[in-house]
Amino acid sequence: MADFMSEVARLDEETLKQIDRIQKEVAESCEFIGDQEDIDILTKQYLQDDEVYQAKISDLKRKYKKLRRTRGDGNCFFRAFGYAYLEKQLEEKTDLDRFKSAVIQCRSSLLSMGYPSFTLEDFHDTFIDIVESVNKASTSSAELLQTFRDQGLSDYCVCYLRIITSGYLQSNAEFYSSFMDGYSTIKEYCSTEVEPMYKEADHIHISALTSALGVSVGVVYMDRGEGLEVNEHVFPEGSDPMIHLLYRPGHYDILYK
Amino acid sequence: MATPTDQGALLLKRQLMDLQKTPVEGFSAGLIDDDDIFSWEVMIMGPPDTFYEGGFFKAHLLFPKEYPQKPPKMKFVSELWHPNIDKNGDVCISILHDPGEDKWGYERPEERWLPIHTVETIIMSVISMLADPNDESPANVDAGKDWRNDYNGAFKKKVMKCVRKSQDCL
């Protein structure tokens, strides 16, 4: 038994090491938030005779001009959401006060749910500092990009957006519980699928985060699904998207008109 | 601009100051070396109404540079007889493991590491583990057997010995 357990432990160590190596490779191949690029770069990523994707890319090019790639580390939706929204507000500054109060509202609600104030306040303060920096005329887009490329700050934003998502799901458990296949409680779903870093986001996460912060997001789906056009789904439904993301199975990038 | 390790270091610094200003019942915390905020030494009091009561157990908490995204490792420096503490003192508790690690696949997911955990929530989990071992995954198989089969005999005796030793070390 003991030998078997130590063999299992050894194999786990190997697997963890391998995961580490893969994560490092991913990290080296792409910044957390990349530079703005022409949509054309996607054309080269797929085979020329891949009709479905080439047709969808042509359609995407008709609707959007640029794209910003994000690192595929499982946090891409949260990072893309945070960056794209703040980048937009850097130009407009029209929604920041409302956004800030929404974030403060989320903090109060999380504290009342019993989240440890120590870490929560730390994530909150760091995030609010970044939001406030966007409100200043002196902050450049290069600085915002630098913030989101700094692992400490960038991961803090992801962390906090995850907890906000989790809090919203728990406050609206009645509505969301029917989507939680395989989980007995919403709390269990959140601590397994939402709060841990590197866990990929799906519809539930997007619906919760966009509702919690009142930020409308259009997600453009590009996959092997039927049709030769890309479909955009807006969260929350019926709203007017402030930012647009490109979804390809397992990954989100930022799109620009 | 902050370097990647700054957030974790700042968070640890604030927690240390806070714990020293307003201590929490059941444990005290400090640094192993004043220049290294990532290596903590904690003194845990044996929880009341357990065989560990009266003991003062010293442990080290070693935080990775990725903290709080990744959990610290915890190791008891004081000798401690417990099913979930291996013979080197390493604490095997699921809250200190990432959600993805298969070794702990059968445990309840809400007990895994999350960035929201603080030193206080970690130590509280360890104190409750002392009082209430997880019988399913004994890191110290012999302690696990004692706990299950001879709780008031061999188990009690070995724990009491650790308690006395810890008192002598004060």
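From the N terminus on, chain B runs α-β-β-β-β-α-α-α, that is, four helices and four strands. Helices (H or I, at least four residues) and strands (E, at least two) are DSSP runs, numbered from the N terminus. The radius of gyration of chain B is 16 Å, close to the 15 Å that the globule rule gives for 170 residues, so chain B is as compact as a globular protein of that length. This radius is taken over C-alpha atoms, and the globule rule is 2.2 Å times the number of residues to the power 0.38.

This is a predicted model, in which local features need pLDDT of at least 70 and side-chain atom pairs count only at pLDDT 80 or more, while totals for chains, interfaces and linings use all residues. Residues are numbered from 1 along each chain as its sequence is written, chains are lettered from A and ligands numbered from 1 in the order in which they are written, and side-chain values use heavy atoms, with hydrogens and water left out.

Chain A has eleven helices and six strands. Its radius of gyration is 19 Å, close to the 18 Å that the globule rule gives for 257 residues, so chain A too is as compact as a globular protein of its length. The C-alpha trace of chain A spans about 60 × 45 × 40 Å along its principal axes. For chain B, the C-alpha atoms fill a box of roughly 60 × 40 × 25 Å, also taken along the principal axes.

**The sheet of chain B**

Strands of a sheet pair through backbone hydrogen bonds, either parallel or antiparallel. Two strands are said to pair if DSSP finds at least two bridges between them. In chain B, four strands form an open sheet in the order β1-β2-β3-β4, with antiparallel pairing. At its edges stand β1 (27–31) and β4 (73–76) of chain B, each with a single partner strand, so one side of each is left without a neighbour in the sheet. Direction ignored, neighbouring strands of this sheet are turned by 25 degrees against each other on average. Axes are lines fitted to C-alpha atoms, for helices over the stretch in contact, and angles run from 0 to 180 degrees between N-to-C directions. Helix α1 (residues 6–21) of chain B packs on the sheet and touches β1 and β2 of chain B; the direction of this helix makes about 135 degrees with that of β1(B). Contact here means heavy atoms within 4.5 Å.

Within the sheet, B:L31 has B:W40 of β2(B) as its bridge partner. Further in, B:V42 is bridged to B:A59 of β3(B).

**The sheet of chain A**

Chain A holds an open sheet of six strands with mixed pairing, in the order β1-β2-β6-β5-β3-β4. Its edge strands, β1 and β4 (231–235) of chain A, each pair on one side only. From one strand to the next the twist averages 30 degrees. The bridge partner of A:V219 in β4(A) is A:H233. Helix α11(A) lies across β3, β4 and β6 (251–256) of chain A and runs at about 45 degrees to β4(A).

| Pair | Residues of the strand | Bridges |
|---|---|---|
| β1(B) and β2(B) | β2(B): residues 39–45 | five bridges |
| β2(B) and β3(B) | β3(B): residues 56–62 | seven bridges |
| β3(A) and β4(A) | β3(A): residues 217–221 | five bridges |

**Helix α8 of chain A**

The axes of helix α8 (residues 151–171) and helix α10 (residues 186–194) of chain A come within 10 Å and cross at roughly 160 degrees. That makes α8(A) roughly antiparallel to α10(A), the term used for angles over 145 degrees. Residues making this contact include A:R162 and A:L169 of α8(A) and A:Y189 and A:E193 of α10(A). By class, the contact has five nonpolar, three polar and three charged residues. Ala, Val, Leu, Ile, Met, Phe, Trp, Tyr, Cys and Pro count as nonpolar, Asp, Glu, Lys and Arg as charged, and the others, Gly among them, as polar.

Helix α8(A) also packs against helix α11 (residues 203–213) of chain A, at an angle of about 90 degrees and with the axes 8 Å apart. The two helices are therefore roughly perpendicular to each other, a term that covers 65 to 115 degrees. Among the residues in this contact are A:L161 and A:Y168 of α8(A) and A:H205 and A:L209 of α11(A). The contact of α8(A) with α11(A) has nine nonpolar, three polar and no charged residues.

**A loop residue**

A:C30 lies in the loop between α1 (2–29) and β1 (33–38) of chain A. Leaving aside its neighbours within four places in sequence, A:C30 is in contact with A:R69, A:T70 and A:R71. A:C30 and A:G72 are 42 residues apart in sequence and 8.1 Å apart in space, C-alpha to C-alpha.

How values were computed. Angles under 35 degrees count as roughly parallel, over 145 as roughly antiparallel, 65 to 115 as roughly perpendicular and the rest as oblique.
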